[in-house]
Amino acid sequence: MSTLNLLILVCMLYGLFLFLVAFVAERSARRGRARWLRSPIVYTLSLSIYCTAWTFYGAVGYAARSGMEYVTIYLGPTIVMVGWWWVLRKLVRVGRSQRVTSIADLISSRFGKSNLLAVGVTILAVVAATPYIALQLQSVTLSFASFADAVGQADQVSDERSTTAFWVAMGLALFTVLFGTRNLDANERHHGVVMAIAVEAVVKLTALMAVGIFVVWGLSGGVAETFARIDASPIGHWQMDGGRWAALTFLAGAAFICLPRMFQVLVVENADEAHLRTASWAFPGYLLLMSLFVVPIAVMGLERLPAGSNPDLFVLTLPLAEGQTALAIFSFLGGFSSATSMVVVASLALATMVSNHMVMPLWLLWSGGRASVSGDVRHVVLLARRLSIAGIVALGYIYYRISGGGEALAAIGLVSFAGVAQVLPVMIAGIYWRGATRIGALAGLTVGFGLWGYTLFLPSLGAGVILSQSILDNGFLGLVWLRPQALFGIEGIDPLVHAVFWSLLLNALTFFAVSLASFPSPLERLQGAQFVNVLQQAGSARSWSAGAAQAEDLMIMAQRILGAQEAQAFFEQEAARQAGRAVRAGALPEPGPDFLQRLERELSGSVGAATAHAMVAQIVGGASVSVHELLAVADETAQMIEYSDRLQAQSRELAATAAKLREANDKLTQLSVQKDAFLSQISHELRTPMTSIRAFSEILRDTRDVSPEEQKKYSSIIHDESVRLTRLLDDLLDLSVLENGQVNLNIRRGTLREALDKAVSAAVAGDESAKLQVNRVPEEEAQTLETDFDRLGQVFINLIANARKYCDAEVPELTIHAAAMSDGRVQVDFIDNGSGIPEESRDLIFEKFSRVAPQRAGGAGLGLSICRQIMERLGGSVDYVPSPRNAHFRVTLPMAESEGPAAHRKSLVTN
Amino acid sequence: MGKRVLVIEDEPNITEAINFFLSRDGWEVFTHSNGHDALQAVARRAPDLLILDVMLPGKSGYEILRELRDTADWKHLPVLMLTARGQARDREMARAAGASRFMTKPFSNAEILEAVRELVDS
């Protein structure tokens, strides 16, 4: 087997091995055995994707060309990790608490969830990363080619370079899709990917160290000799440019935070904030080891390899030249690892941004309302992400093909760093400055990105690609001060430093100035507070930082909720607690976190916890309200509304019940009063005749010499009163039966005349001396009735007897008129020629025991009550017809059906 | 000449009975049957004792009694009240109105006689 074939086989096996590692890690994570996956070491190793092929191969090349300057690439991240780890901690905290999925998401989320910003950052990141991905593909291809060159099989691969790049790109895309888009949730981490890159981190470190050890001890002959060689080489005498050093260090540090792939492993894939602590020393250690042998390899490469050899490939070509094929293959694998891990994570991070901020919004726009209707958007998101991954890798590949894989790519690393570093001002200000606004961020990013493109990116492509030589020399539109590499006429600076300085300076200034001049939207304010105060909210998300809270404002709010006196008392009590002694009335406490928490608790008793928190938050402004809290407020409010609705319904019910009860009670009271009155009345009506009976019987019994006339008279009185008593009892029983409805009606057919004849003769029968004359019109009385004639007669008799008793005319007369009505009823009027019933008494006559003129009445005043009850039973009525004179009673009752069924007697019980 | 008794009662039979046994006992009995002009009847007859019914047409016995007690001349006139309503509440009302004695119908003639004697003697 040829060496080249062996290399291909090893590469394929290595690739397979990485798939396996990712697969196993993924499966362990799914089974919940992910403890070892989440160790701080794995986290630290995953950070090593910072060291791409550009670092693996390029650092040596860099050292060979520019001396110690390569150190800046390691120095920047080291400084960030050691000195700026509190910034990282805040970033990680924000990322976790806001469930940030990418750096674009972070910026967008901070500035009021602006998608425009997210799109901007995404485009920036893609533009900056595409050449970088191309660079990785190139490094693989290049290293493969030089391997082939060295083993004399160059002819086999020279025309297949693009093919190699293609297959590598395909493999990487496949890997990323497989392990990067298993799930959607940013909090479910990509264990497979992280594990694979951790393994690759180990491979690339050991590969580089193996080459280094070989160089130092195998070729150079020891440490002392190596130092001697370094001193002798031009590298040792390289002059440092302070400005460039500072710029490069800064750039590397900024890129370490801002690169999408770094953000992915630093923040998104972070499983535990504590890992940052370990990484803060372990990762610089890793970088130190990576940089340890760079110079010896560079020196030895320059010394041993023929002049004109590409120093970027010394790591590979040195062992090859020395015949160390195994070491060379190992070294190749190291470079391969560096390249692949970068492409995988970068494409994953970029694809998340592209799919979330560009593809999905477009898809939602295009699909209209269907997305929310169809429900599961998951598949769409996954598809979008997979396509994005493929697209980004393809973009890198296409860029590689177009750029022709030339030497120009080598410079791409720093250009790319400078591009993504434009996000730095916005990102840092976003988590430390609440005044930063969306408009400011947009303006700053636009200026920074524009300047970066104009002064660094476009010129880096070479004159004539986009920017013509004349623009480079004479400035845009011939304006000299707009020369891309000498803005504002400041010349003689290193182009990179020049670009970084101007782009970041103007970026930050614009951002700052526009932020000050513009006003943040409510959502921006909210998010801004969340981001800036993320550390204060640690532990208890509900604790307060003592902001510029106004005690008076809190007092006013508390008064509104608790009531003026209670609020006053609470505030004074708190002020006393703070002072440790009694305070004067009206004293206000310092609005410290302690007090605010107590106030919140106090308020939550009235308005609910979430609302209380939100209200305090509004005034304190120190910590703002999260969406969760707002939802909780909504929930609470809904619950309260529901509760109050229920209460209202209940109170309505209660009120209705109370009204009914009151009504029933009134009725009962009334009934009770009526009952008392009734009993009292009965007592009176019974006792009166009994008094006469007793008194006269005692007289008859106890008195001697009572004359026979007197004896007879008194016996008659006793007799009459006994009769009266009996009648009264009869009436009472009758009324009771009628009122209870338990009355037997004896229904038969007959004429009205028949009934009246009987009644008139009965009414006058008992009293021969009766002067009452009854006038009738017999023709009117032909109506056929089907009723209880005894009961009807009772009514008629009562009315006639009343006329006889009460008519006060000189010659009393009673006229009876009958008339058939159109509604099938007959109406019988009893009209006397007396003075009638006084108006004030008319309402009373049908009441029990009512007598208008008692001394002349023989009855107990139950007559008309009984009449009314009877007429009701017979389906008719009896009323007094008001008139200025004459007593006028009217009886109405139904006539019999005209066809007149055979006279039938029936006895029925009405109820 | 016996002492004068005025009976204000609307039931003629009861009036007649009382009149009968009081006259036999030597009292000079006057009768009156309604409440309207009861006070004038009292003034006219100037009785030594008044027998007063409660339920009278025109004006109740309680009212008549209250008005009597408000008049200086009749402040101490012995009044025997008769009522057909025998409830405790009626007794209380009679006492409050200023009745000297209260009796429920139906009464015993002997009791009335005894009460009349007592009230006039005291």
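# Two chains, their elements and their contacts

Read along the sequence, chain B follows the pattern β-α-β-α-β-α-β-α-β-α. This is a predicted model, in which local features need pLDDT of at least 70 and side-chain atom pairs count only at pLDDT 80 or more, while totals for chains, interfaces and linings use all residues. Residues are numbered from 1 along each chain as its sequence is written, and chains are lettered from A and ligands numbered from 1 in the order in which they are written.

Student: Why is the crossover from S1(B) to S2(B) called right-handed?

Tutor: The chain passes from S1(B) through helix H1 (residues 12–24) of chain B to S2(B), and this β-α-β crossover is right-handed. The term means that, with the strands pointing away from the viewer, the path from the first strand over the helix to the second runs clockwise.

Student: What makes S2 and S5 of chain B edge strands?

Tutor: The five strands form an open sheet in the order S2-S1-S3-S4-S5 (chain B), with parallel pairing. S2 and strand S5 (101–104) of chain B each have a single partner strand, so one side of each is left without a neighbour in the sheet. The twist averages 20 degrees from one strand to the next; angles run from 0 to 180 degrees between N-to-C directions, and axes are lines fitted to C-alpha atoms, for helices over the stretch in contact.

Student: How do you know that S3(B) and S4(B) pair?

Tutor: Strand S3 (residues 49–53) and strand S4 (residues 79–83) of chain B share four bridges in the parallel sense. In S4(B), Leu80(B) is the bridge partner of Ile51(B).

Student: What makes H13(A) mostly covered?

Tutor: Twelve of the 17 residues of H13(A) are buried. A residue is buried if 20 or more other C-beta atoms lie within 10 Å of its own, exposed if 12 or fewer, and partly exposed in between, with C-beta atoms placed from the backbone. The buried residues of H13(A) include Ala247(A), Phe250(A) and Cys258(A). They pack against helices of chain A, among them H5 (71–83), H7 (103–110) and H25 (495–517).

Student: What is the span of H13(A), and what is expected?

Tutor: Helix H13 (residues 242–258) of chain A reaches 24 Å from its first C-alpha to its last, close to the 24 Å expected. The expected span is 1.5 Å times one less than the number of residues.

Student: Which residues make the contact between H34(A) and H35(A)?

Tutor: Helix H34 (residues 789–806) and helix H35 (residues 863–873) of chain A pack at about 150 degrees, with their axes 9 Å apart. Among the residues in the contact are Val795(A) of H34(A) and Ile870(A) of H35(A). Two residues are in contact if their C-beta atoms, placed from the backbone, lie within 7 Å.

Student: How many residues does each chain give to the contact between A and B?

Tutor: Chain A gives 18 residues and chain B gives 19. H31(A) gives the most to the side of chain A that touches chain B, with 13 residues.

Key
Helices (H or I, at least four residues) and strands (E, at least two) are DSSP runs, numbered from the N terminus. Two strands pair if DSSP finds at least two bridges between them.
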